[in-house]
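Me: I have a chain open on my screen and would like to talk through how it is put together. Could you take my questions as they come?

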Amino acid sequence: MGACATIVSPALLSACLVVFLPCLLFQGGLRLGRKSNRGDPYHPTLDNKSSIQVVHKHGPCSQLHQDKANIPTHAEILLQDEARVKSIRSKLAKNLGRSTNLDQSDATNLPAKKGSVVSTDNYVVTVGLGTPKKDLTLAFDTGSDITWTQCQPCAISCYKQQDEIFAPSLSSTYSNISCTSTTCSSLTSATGNTPGCSSTACVYGIQYGDSSFSVGFFAKEKLSLTPTDVFDDFLFGCGQNNQGLFGRAAGLLGLGRDKLSLTSQTAFKYKKLFSYCLPSSSSSTGYLSFGYSGIPKSVRFTTLSTVSKRPSLYGINIISISVGGKRLSISASVFTSGGAIIDSGTVISRLPPTAYSALRSEFRKLMSQYPMAQPLSILDTCYDLTKYSSVDVPKISFYFGGGIEVPLSPKGILYASSISQVCLAFAGNGDNTDIGIFGNTQQKTLQVVYNGAGGKLGFATGGCT
């Protein structure tokens with residue numbers, strides 16, 4: 001802090017975060033996660049036995065790490081993020097109350113586009129499926145319910161994934177769900193589609209807002225979250241027709257609130273309680289933990305709300321925002337008009353335009369000493385910091401129901417494409433009635449605790465240390 005004091009006055013220090021640019025932009029070997037087992041970097045030794053390692057899908061810590069030529073650009077990531085947000089909005093639209101029947105034959109006619117929506121699920125975990133256990137790297141998503149993976153023989157289509165595609169015929173614990181069962185019928189709420197039937201087997205279908213999809217058999221299998229936490233008869237989708245840009249992940253781990261989500265299926269053990277810390281960079285690690293173990297007393301809780309048109313989403317009540325220690329003058333009705341959710345799969349937080357305008361105005365005023373740069377896709381407040389080794393970034397805090405304050409880390413405030421294009425990591429919705437989203441950039445380094453049974457959401461700073 002002594003070095004910081006030579007840059008700014010003590011009064012300014014209380015309102016700003018002094019950020020050293022080499023740290024902000026560093027993408028090397030810094031590891032902020034809990035200590036991992038060097039012999040097996042994808043099955044770390046964590047303090048909590050019910051924890052698994054979280055890594056960025058495109059980072060060097062991931063099994064899915066690819067050549068730089070195959071990693072999406074920042075503009076592409078933000079474009080994909082916008083597609084995901086539009087998908088969430090479309091599912092909440094009044095005219096989407098109907099379900100759609102999907103079966104194996106219908107799946108061949110679904111339009112195939114790049115899976116922009118799911119590709120913004122930037123964080124992946126490795127779990128085991130079947131007997132004998134096969135490791136699969138899955139994107140985890142609090143905005144989705146059903147867990148699915150690609151399955152051999154890929155009757156119609158499978159996209160490229162890093163892991164070997166799961167073969168149910170080689171597992172002694174796999175079985176299909178009957179299409180006449182109540183379990184099959186429950187797919188409607190989890191996927192938004194009425195299940196189909198192939199012979200006597202239940203067929204699920206889930207289609208995302210950009211027309212990427214997964215269709216296959218709804219089945220049960222042994223799931224191994226950790227060596228000690230193993231669940232028999234876990235319900236999941238065994239995809240026979242899958243198309244989209246899923247970043248070489250084998251599928252998706254659904255952590256929503258529906259009864260078919262992983263959270264609900266393991267409630268007898270974990271009481272619908274899980275937490276995670278998203279790493280600060282693509283070369284750092286975080287964790288996903290289940291149950292009460294490892295939750296510090298410093299966590300402060302707010303009450304979860306229910307999104308009436310999609311109750312499986314995690315609703316939150318944003319009360320206000322402060323910039324540089326100053327509460328913004330925003331009417332409470334601005335936040336309640338459209339409501340808000342927390343989502344691990346959305347990259348950039350979306351705010352009502354009235355709130356975003358106030359945040360942007362105050363942020364620009366406090367950053368007026370730095371030259372602005374061209375906008376980056378949906379991010380319209382960017383700076384060229386090539387001439388600076390450190391910057392004084394205004395502190396930003398969110399205030400949720402119950403009066404809890406959640407201060408954001410520097411990496412939750414800024415999105416850095418390069419040192420010449422460092423942007424305010426927020427975007428405005430088109431209308432105040434659009435749903436707000438607290439995205440994964442703003443969640444970085446926080447420990448986020450979901451207490452589904454208690455109807456609470458908690459936050460603690462310094463979560464990945």
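Me: Which residue in β11 is the bridge partner of Leu 129?
Reply: The partner of Leu 129 in β11 is Leu 223. Strand β11 covers residues 213-224 and is joined to β4 by two bridges, the two running antiparallel; strands here are DSSP E runs of at least two residues, helices are H or I runs of at least four, both numbered from the N terminus, and two strands pair if DSSP finds at least two bridges between them.

Me: What kind of model is this, and how are things counted?
Reply: This is a predicted model, in which local features need pLDDT of at least 70 and side-chain atom pairs count only at pLDDT 80 or more, while totals for chains, interfaces and linings use all residues. Residues are numbered from 1 along each chain as its sequence is written, and side-chain values use heavy atoms, with hydrogens and water left out.

Me: Back to β4, how many of its residues are buried?
Reply: Seven of the seven residues of β4 (residues 123-129) are buried, so the strand is largely enclosed by the rest of the structure; buried means under 20% relative accessible area, exposed means over 50%, and partly exposed lies in between, with a 1.4 Å probe and protein chains only.

Me: And which way do the side chains go?
Reply: Tyr 123, Val 125, Val 127 and Leu 129 point one way from β4, whereas Val 124, Thr 126 and Gly 128 point the other way, and all are buried. In a regular strand the side chains alternate between the two faces of the sheet.

Me: What does β4 do with β5?
Reply: β4 and β5 (residues 134-141) pair in the antiparallel sense over six bridges, and Val 124 has Ala 139 as its bridge partner in β5. The hairpin of β4 and β5 has four residues between the strands, and Gly 130 there takes a positive phi near 90°.

Me: Switching to charges, how many salt bridges are there?
Reply: A search of the whole structure finds nine, a salt bridge being a side-chain nitrogen of Lys or Arg within 4 Å of a carboxyl oxygen of Asp or Glu. One of them joins Lys 133 and Asp 135, whose closest N and O atoms are 2.8 Å apart; Lys 133 is partly exposed at a relative accessible area of 42%, and Asp 135 is partly exposed at 33%.

Me: Which residue does Lys 222 meet?
Reply: Lys 222 meets Asp 232 in a salt bridge, at 3.8 Å from N to O. That pair links distant parts of the chain, with Lys 222 in strand β11 and Asp 232 in strand β12, ten residues apart. Lys 222 is partly exposed at 24% relative accessibility, whereas Asp 232 is exposed at 54%.

Me: What about Glu 362?
Reply: Glu 362 forms a salt bridge with Lys 365, with the closest N and O atoms 3.3 Å apart. The two are three residues apart in helix α12, so about one helical turn separates them, and Glu 362 is buried, with a relative accessible area of 11%.

Me: Where does α12 pack?
Reply: First the sheet itself, which is an open one of four strands in the order β19-β18-β25-β26, with antiparallel pairing. Its edge strands are β19 (326-327) and β26 (404-407), each pairing on one side only, while β18 (residues 318-323) and β25 (residues 396-400) pair in the antiparallel sense over five bridges. The bridge partner of Ser 322 in β25 is Ser 397. α12 packs on this sheet and touches β18, β19 and β25, its direction making about 15° with that of β18; contact means heavy atoms within 4.5 Å, and axes are lines fitted to C-alpha atoms, for helices over the stretch in contact, with angles running from 0 to 180 degrees between N-to-C directions.

Me: Last topic, how many aromatic pairs does the structure hold?
Reply: The structure holds 18 aromatic pairs, where rings of Phe, Tyr and Trp (its six-membered ring) pair if their centres lie within 6.5 Å, and planes under 30 degrees apart count as stacked, over 60 as edge-to-face and the rest as tilted. Among them, Phe 231 and Phe 268 are edge-to-face, at 5.8 Å centre to centre and 75° between the planes.
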